[in-house]
Amino acid sequence: MAHDSKRPLKIIAGADSLGCTLKDALVTHLRSLNIEVEDIGTDKYYSVGEEVGRRVSAAATTTDTNNTEIRGLVACGTGVGVSIFANKFPSVYSSTCISPDDAKNSRSINNSNVLAVSGTATDKETGIKILETWLNTPFKSPCPASDNVPWPTEIDNFLEGSIEEMSKIGVTVIEDHLKKEEFESCAICNLAKNREFEPVDIMPGACMKIVRESPTSAIVRFEAGSVEPAHHHTFGHDVVVMKGSKKVWNLSKKESYDLGVGDFLFTPAGDVHRVKYFEDTEFFIRWDGHWDIFLDEDLNAAKDAIAKE
């Protein structure tokens with residue numbers, strides 16, 4: 001496979017109603033190859049393109065402690081609409097491929113990390129050939145556009161340099177927009193504006209700004225891929241997610257919750273819970289009393305338990 005063989009590969013897949021049949025067939029094929037797939041299902045083409053693009057971009061622009069390569073697979077009637085909206089995010093290189101040659105060119109020239117396919121123009125057998133070509137073609141490899149011979153040195157050097165330059169496109173605009181939203185539009189964020197984040201030693205990948213001491217209120221950040229081992233607190237706490245996504249397992253209640261931006265969760269005092277962060281995540285948290293924490297397992301045990309999910 002043409003991704004880094006030392007890194008596990010995960011595909012985020014989705015489609016609209018005209019692309020879902022082909023998408024489902026390709027997801028089944030990916031799983032037969034023992035490739036991890038997260039299928040987000042069927043929605044409007046622009047919603048699917050946005051969600052897959054956002055997830056691939058987040059993975060490409062942040063450090064994943066699990067070192068997993070994240071790519072995307074999207075489908076709609078033409079394969080064009082989903083690709084347009086996936087490409088609105090930095091470091092996303094989505095290409096609509098109608099033939100295996102398209103797939104080979106997109107990987108060789110553009111280092112495509114999101115494959116877009118047409119549910120109306122592409123049958124299952126052709127779709128699988130396109131997908132396998134896209135998976136198995138390395139960046140800068142011989143392709144139809146190079147007459148299936150290695151690229152000349154001048155073009156090879158250009159392609160090599162293009163990756164760093166392309167990855168910067170759109171980043172500054174988005175960062176400026178996020179900073180403006182964070183410090184001008186969000187009242188909770190302004191509580192922490194002039195405070196320094198401090199590492200949380202007991203939780204690798206975490207840092208925190210205390211905005212009130214008792215009852216404790218804080219803004220907490222976790223890096224993508226971080227895990228909170230099972231733990232509990234003397235007091236219950238409210239959480240509102242401001243950025244990113246995470247999953248919380250309440251082990252005391254044997255329940256789990258997938259949380260994204262704007263979601264709220266209350267965890268009662270003493271409830272043992274474990275957390276996994278899928279992206280760089282930031283949330284506001286308020287305890288009913290003074291903040292404390294008691295670990296109920298170590299980090300390795302937590303990661304093993306999550307891997308078995």
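The exercises below work through the sheet, the helix packing and the nonpolar cores of a predicted model.

Residues are numbered from 1 along each chain as its sequence is written, and side-chain values use heavy atoms, with hydrogens and water left out. Because the model is predicted, local features need pLDDT of at least 70 and side-chain atom pairs count only at pLDDT 80 or more, while totals for chains, interfaces and linings use all residues.

**Exercise 1.** Determine the strand order of the open sheet and state which strands stand at its edges.

Solution. Strands are DSSP runs of E with at least two residues, and helices are runs of H or I with at least four, both numbered from the N terminus; two strands pair if DSSP finds at least two bridges between them. On this basis the open sheet has 5 strands in the order β2-β1-β3-β5-β4, with parallel pairing. β2 (36-42) and β4 (94-96) each have a single partner strand, so one side of each is left without a neighbour in the sheet.

**Exercise 2.** Describe how α5 packs against α1 and against α4.

Solution. Two packed helices are described by the angle between their axes and the distance between the axes. Axes are lines fitted to C-alpha atoms, for helices over the stretch in contact, with angles from 0 to 180 degrees between N-to-C directions. The axes of α1 and α5 come within 10 Å and cross at roughly 50°, which makes α1 oblique to α5, given that angles under 35 degrees count as roughly parallel, over 145 as roughly antiparallel, 65 to 115 as roughly perpendicular and the rest as oblique. The axes of α4 (residues 100-110) and α5 come within 8 Å and cross at roughly 20°, and α4 is therefore roughly parallel to α5.

**Exercise 3.** Identify the residues that touch the most other members of the largest nonpolar core, and the elements that supply this core.

Solution. A nonpolar core is a set of buried Ala, Val, Leu, Ile, Met, Phe, Trp, Tyr and Cys residues joined through side-chain atoms within 4.5 Å, where buried means under 20% relative accessible area (1.4 Å probe, protein chains only). Of the 22 residues in the largest core, Ile 11, Leu 30, Leu 73, Leu 115 and Val 117 touch the most other members. The elements giving two or more residues to this core are β1 (9-15), α1 (20-32), β3 (69-76), β5 (114-118) and α5 (124-136). A second, separate core has 18 residues, including Val 241, Val 248, Phe 283 and Ile 285.

Methods:
Buried < 20%, exposed > 50% of the residue type's maximum accessible area, 1.4 Å probe, protein only.
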